[in-house]
Amino acid sequence: MVNLVWTIINLDSSVSDSTIQGWIAAAGIPSCFRFVFQSPFANAWTLNTVYVGGVPMPITPWTIIISSATDPRFNWAVTGASGMAIPTLQQATVGHWGNESGSEMGTRMWHEILHCYDLPADSLQTSERAEFIEYLRTTGSPHYSGFVSDPLGYENSANHTQILIAFYIYLMHKYMECECFRLGCGEQPSVPSDEPYVPPYVPPESGSGTDNKWLWIGVVGLLWILL
Ligand SMILES: [Zn+2]
């Protein structure tokens, strides 16, 4: 069984973990994928210099980093990209410029995550296109007529994020065995925080089970003596 739990390291001080959780929900990333947040301590990531200037990459598998694309520690501008994945290590990173919608950011994360399962996330207009069009037709997608008449134009239209979302769901149907697709895609569960769980203080009830036990032993002992 392949891992489906992703750790998020948030290096972007302009967004909270709950904002990122909102991106995931806005894109509708299926609940096959679960997300937990890790504190962004210094040794949890490294500068990947495949691109000049570098972008932050995790050092552990099944981990994705969110960083500000304008953070001077990195150089997203030079990459000409907003995301990168190392599929063999299951490590991913996305940049956040600040003007994206929540669904756009969630879709960007989703794209890099799919690369980490070796899914052809870049093949919307190439090897997967014909089958994807057929999928849109047979599922009665509202994007079918627009996409089939002008695939490139439709991808670059205002429907950009929505057609990507449809494509990623298609890829997951085709290549992954996700329980949620059999049950109907559910909502993302709430993400546990880094704070350790402290149960609320409950005052002990008077007359607890233990006290009752000794009371009954006393009563039985008294009866024994009387008999
Ligand atoms: Zn890609």
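Tutor: Isoleucine 20 is buried, because 23 other C-beta atoms lie within 10 Å of its own; a residue counts as buried with 20 or more such atoms, as exposed with 12 or fewer and as partly exposed in between, the C-beta atoms being placed from the backbone. This is a predicted model, in which local features need pLDDT of at least 70 and side-chain atom pairs count only at pLDDT 80 or more, while totals for chains, interfaces and linings use all residues. Residues are numbered from 1 along each chain as its sequence is written.

Isoleucine 20 sits in helix α1 (residues 17-27), where helices are DSSP runs of H or I with at least four residues, numbered from the N terminus. Leaving aside residues up to four places away in sequence, isoleucine 20 touches Ile8, Asn10, Val15 and Ile66, a contact being two C-beta atoms, placed from the backbone, within 7 Å. Isoleucine 66 is 46 residues away from isoleucine 20 along the chain, yet their C-alpha atoms are separated by 8.6 Å.

Turning to the core, the largest nonpolar one has 42 residues, among which Ile64, Met109, Ile113, Phe167 and Tyr168 touch the most other members; such a core is a set of buried Ala, Val, Leu, Ile, Met, Phe, Trp, Tyr and Cys residues joined through C-beta atoms within 7 Å. Helix α7 (residues 160-175) gives the most to this core, with 9 residues. Domain 1 (1-119 + 179-192) and domain 2 (122-175) both give residues to this core, so it lies between them, the domain bounds coming from an automatic or database assignment.

How values were computed
Helices (H or I, at least four residues) and strands (E, at least two) are DSSP runs, numbered from the N terminus.
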